[in-house]
Amino acid sequence: MSASPSPSASPPVSSGEIAIAVVRDGKLVRGDLHAPPVPWWSFTKTVLAAAALSLVRDGKLTLDAPLPAKPYTLRQLLRHSAGVPNYSDREIYAQAVARGDAPWPPDEMLSRVDADTLSFAPDAGWRYSNTGYFLVRGLIEDTTGLSLQQALEQLVMTPLGIQEVMIAATPDDLAASAWGNADGYHPDWVYHGLLLGSPAAAALLLDRLLTTDFLPPALLAEMLRKTPLGESLPGRPARNFGYGAGLMIADGAVGHTGAGPGSVAAVYRYASTGCTVAAFAPAADQAVVEWAACNAVAS
């Protein structure tokens with residue numbers, strides 16, 4: 001998670017390996033929309049939240065009605081306060097991915113994680129949950145009657161003028177991305193969906209989401225309402241960090257960090273500078289791209 005821009009020591013990968021795009025005052029000033037795509041990892045959650053809130057805006061979903069036969073609401077899922085256990089915390093999940101197993105069918109994943117046994121009562125705690133965002137994905141697909149790719153294009157990408165972004169569906173999709181897919185990782189292990197697109201597309205999407213009238217003020221304010229989670233993270237630039245609805249929030253910065261096999265991602269808007277930065281790298285340490293984003297603003 002990024003924080004107020006400040007220069008750092010050089011990250012432990014060469015600067016040439018870090019793909020960066022910068023939007024300043026609404027204009028792309030660094031990066032190429034036609035650059036090789038990179039995995040957006042958990043920045044996909046920001047796009048899912050935007051899609052879900054657009055359906056709330058249009059009266060097709062509600063934030064505070066409990067989901068059918070569930071004790072939690074869409075608002076709680078978006079804010080990681082529903083108590084839904086996180087599949088990626090389970091050792092059995094990590095072992096299956098490491099072995100190169102085929103992804104479990106979604107119903108099997110929910111069974112293995114015992115998704116109906118909540119870690120805490122809704123709104124009685126906070127815990128990051130990929131499983132919760134899989135449930136958000138299901139709400140979007142069920143409400144629209146569309147595939148996730150079609151729904152995100154219709155609800156978010158087209159209204160924000162973003163093109164050439166896709167949901168990775170096969171290992172070959174990842175193999176065609178900037179850093180390839182040497183281990184044959186299957187993107188279906190990311191149950192909420194894994195977007196692939198250029199860093200420039202990611203930067204423009206976040207910038208337009210936060211600076212245009214795509215969402216009415218009350219819903220944008222809900223995205224930005226922070227649940228405080230701590231003062232700092234060791235080795236990372238975040239200060240006074242927390243989570244909103246599909247957004248990581250720290251002093252001076254709003255966006256999302258992500259990580260997966262082979263690469264990391266950070267996409268943040270720094271309102272005081274008028275800049276939005278997307279940074280991606282073939283690394284394992286999320287601090288690499290968070291500091292790269294900060295440095296891109298400071299340079």
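**Core, hairpin and cysteines**

The largest nonpolar core has 102 residues, and Trp40 and Leu78 touch the most other members. Helix α1 (residues 43-57) gives the most to this core, with ten residues. A nonpolar core is a set of buried Ala, Val, Leu, Ile, Met, Phe, Trp, Tyr and Cys residues joined through side-chain atoms within 4.5 Å. This is a predicted model: local features need pLDDT of at least 70, side-chain atom pairs count only at pLDDT 80 or more, and totals for chains, interfaces and linings use all residues. Residues are numbered from 1 along each chain as its sequence is written, and side-chain values use heavy atoms, without hydrogens and water.

- Ser54 lies in helix α1; helices (H or I, at least four residues) and strands (E, at least two) are DSSP runs, numbered from the N terminus.
- Ser54 counts as buried because its relative accessibility is 0%; buried means under 20% relative accessible area, exposed over 50%, partly exposed in between (1.4 Å probe, protein chains only).
- Leu155, Phe214 and Leu215 touch Ser54, not counting residues up to four places away in sequence.

**Hairpin**
- Strands β6 (residues 227-232) and β7 (residues 239-243) pair in the antiparallel sense over four bridges; pairing takes at least two DSSP bridges between two strands.
- Pro228 has Gly242 in β7 as its bridge partner.
- Six residues separate β6 and β7 in this hairpin, and Gly235 in the turn has a positive phi of about 80°.

**Cysteines**
- The disulfide count is zero, with a disulfide being a pair of cysteine sulfur atoms within 2.5 Å.
- Cys275 is in no disulfide; its nearest cysteine sulfur, that of Cys294, is 12 Å away.
- Cys275 is buried at 0% relative accessibility, and Cys294 is buried with a relative accessible area of 0%.

Technical notes. Contact = heavy atoms within 4.5 Å.
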